[in-house]
Amino acid sequence: MENTAGMTRRHLLTMVGYAAGASAMYTAMAGMGYAGTSSYEGPLELTGDPKGASVLILGAGLAGMTAAYELGKAGYKVQVLEYREKAGGRCWTLRGGDTYTELGDFKQDVKFAEGNYLNGGPWRIPTDHHAVLDYCKRFGVKLEPFIQQNYYAYLHNSEAFEGKPQRFREIQADYRGQIAELLAKAVHQDKLDELVTEEDAEALVTSLKSYGVLNDDLEYVKSDAVSLYRGWAVEPGGGDDPAPEPSDIISLKDIVQGRLWKDLLVGETIDHQQAIFQPVGGMDMIAQAFAREIGDIVTYNAKVIRINGTDTGVEATYVSANGGTEETTVTADYCICTIPFSILGQIENNFSGEMQSAIDSVYYETSIKIGLEFKRRFWEQDDHIFGGISYTNLPITLISYPSSDFFSDGPGVLLGCYSWGAASYQFNAIAPEERIEHALEYGSQIHPQYREEYSNGVSVAWHRVPWVLGCYGIWHDKAANYADAVKMDQRTLMAGEHMSDLPAWQEGAILSALNAVKRLHATVTGAEAAAPAPEGN
Amino acid sequence: MKRHISLTVFAAALALSGAASAQDFVQSGTSERLPQTDGEAIYNAICSGCHMPDGAGAIGAGAYPALAGNANLEAADYPIYLIINGQKAMPPLGSYLDDAQIASVVNYIRHNLGNNFEGETDAAYVAQSR
Ligand SMILES: Cc1cc2nc3c(=O)[nH]c(=O)nc-3n(C[C@H](O)[C@H](O)[C@H](O)COP(=O)(O)OP(=O)(O)OC[C@H]3O[C@@H](n4cnc5c(N)ncnc54)[C@H](O)[C@@H]3O)c2cc1C
């Protein structure tokens, strides 16, 4: 540990404590929404006669289509109204030939090559999102691994290491090794008496030695052993090629001061652990499969402008999404409403005061995604990065490399920006061409090949998406309002990702719909007693 | 010693980022405060994401109200309250802007975008609404 020789042990431990605390905090925030596993219990088996009841579903996102599919299967008469020209809602993939017009009439023509795409919203499905994965299996949606963690990808801070990106595996090995060294030495020197019994101390030191790849003096130093984790300075060869040479290590001080530990744990949260999946060909393969399974029951380009509930049914009125004024009114015995609350709060309705307060207490988070197509896959050819994510402190937050078509010659699409918070607000506020220009400017600090190889790009700024006005719902005070929104309001039930404890995930949208369907069915068949408590999803 | 290092690092970062625009954007995962101080610049860095350039507003399945020619801007208290606390689909933005920035942007929207209401607000006044 020559590099930290000048520091006192206490100073170092303080730094480590600081790093660990901040890291845990960051990790908690890194995945959107909350980290939680799914309550999915397998396919719904609805028994009992729906007695010819009809259900109107508002919105053909995954929540709406899950409800439509399950209710249709159980024998209900189902109709769906959808504002967009196609199904899926936020489960949305942009491909060459698509045009997308965001609010403000900013129009983008997607020019990606055949087979390339940007998942504008959802892009990955964790192992424990059992409901999404089960529908994929039942509907024949082919899944492939999503490379979340790539040890060859970069960690970058424009204000550390002279702005040079560092390989994930080097920071990972060196950070772990030097923290293990500190701890092993502290235990060995009886500095942690109060925490570790004498018998345990030796076992702990042995484990730390292995965990951190420490030598017999409990030091993390440049060595062949360490190079097996962080990489070699001279790679092993054959014949009379030069013998492999171990690489220099990066000091803990530099890692901590450069804050490169910040993104080490993202891939270890339950929402991001390998194995994690993506549909082959784009996330909207799930939307397409649902649309096929529910059949011809969706009225597209239908902008719902009024919802009127009574004791005996629900009527919803819509106009053409393309600017018509002619009103059409649809009635049904029940309604499942999946319209995002950002929009529902602007729709004329006669919901209860509690329901209206609940709707008004949800706003939508900001987010920005920018897809950049490059003529050649330089990240693979020059940098040896096959899928995965590089993280940076620049406003783009990360660069994600495609998890498919490895080694192909053709053009490839990178996710060149995926930000939340202040940086995302800023990206939302500017025109699409400017977003691309910024993404190129920032990204070329990590990959200098950017300017030379750039072909075209497209962005999805979620506050400007006309049919959701944001990324996902955030409750000002969930404890105060959520239960009111879960209750059936006359004959209407709310569903959607915002109506779940897995917001910002497709799993949450589907679970909320399954829960609403179960409760609706219990009401219709007179089995209310069997219905789960409102918060039970 | 410490101070010396951080100054060097800062200088290096400036040299690296070069283009002016880099300074206009916040960095990811650190400060949440926007760097702009001028009212119009703040408007174009955050408000225009929803209320659109020139305060034109927008309509899709849902709408963002136009701020251009908007009689509701008569009293400064209303936009100050909305920016800090949010309202319905407008998120609370008080963590991205300090009191002086909120005052600047409120003065901007009340005196521009086709609006011409009397009076100025300032950081001290905004602070009382936090
Ligand atoms: C940037 C981003 C990244 C994400 N990443 C992931 C991820 O990696 N993995 C994951 O599982 N999830 C992810 N999610 C979350 C996921 O996309 C959502 O949770 C899910 O798709 C929401 O489904 P929903 O049916 O509740 O809402 P939506 O899909 O929004 O459906 C609502 C529907 O209502 C329609 N509608 C709106 N207004 C009206 C109206 N007035 N009249 C008629 N119809 C109307 C809309 O057009 C839309 O089709 C991400 C989301 C975003 C935005």
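This is a predicted model: local features need pLDDT of at least 70, side-chain atom pairs count only at pLDDT 80 or more; totals for chains, interfaces and linings use all residues.
Which side chain does Glu102(A) meet in a salt bridge? I looked this up and found Arg435(A), at 2.9 Å from N to O. I took a salt bridge to be a side-chain nitrogen of Lys or Arg within 4 Å of a carboxyl oxygen of Asp or Glu. The pair links distant parts of the chain, 333 residues apart: Glu102(A) lies in strand β4 (residues 99-102) of chain A and Arg435(A) in helix α13 (residues 432-443) of chain A. Helices (H or I, at least four residues) and strands (E, at least two) are DSSP runs, numbered from the N terminus.

Residues are numbered from 1 along each chain as its sequence is written, chains are lettered from A and ligands numbered from 1 in the order in which they are written, and side-chain values use heavy atoms, with hydrogens and water left out.

**Interface of chains A and B**

I next looked up the interface and found 40 residues of chain B in contact (heavy atoms within 4.5 Å) with 43 residues of chain A. The two chains bury about 3,500 Å² between them, 59% of it on carbon and sulfur atoms; buried area is the accessible area (1.4 Å probe) that two parts lose on being put together, summed over both. In chain B, Phe25(B), Ala61(B) and Lys88(B) lose the most area to chain A, together 21% of what that side buries.

I found 1 salt bridge between the chains. Asp360(A) and Lys88(B) form a salt bridge through their side chains, at 3.9 Å from N to O. On the side of chain B that touches chain A, α3(B) gives the most, with 6 residues. I sorted the residues of that side into 25 nonpolar, 12 polar and 3 charged, where Ala, Val, Leu, Ile, Met, Phe, Trp, Tyr, Cys and Pro count as nonpolar, Asp, Glu, Lys and Arg as charged, and the others, Gly among them, as polar.

**A helix pair in chain A**

Last, I examined helix α2 (residues 62-73) and helix α16 (residues 506-524) of chain A, which pack at an angle of about 40° with their axes 8 Å apart. Axes are lines fitted to C-alpha atoms, for helices over the stretch in contact, and angles run from 0 to 180 degrees between N-to-C directions. The residues making this contact include Leu62(A) and Thr66(A) of α2(A) and Ile510(A) and Val517(A) of α16(A).
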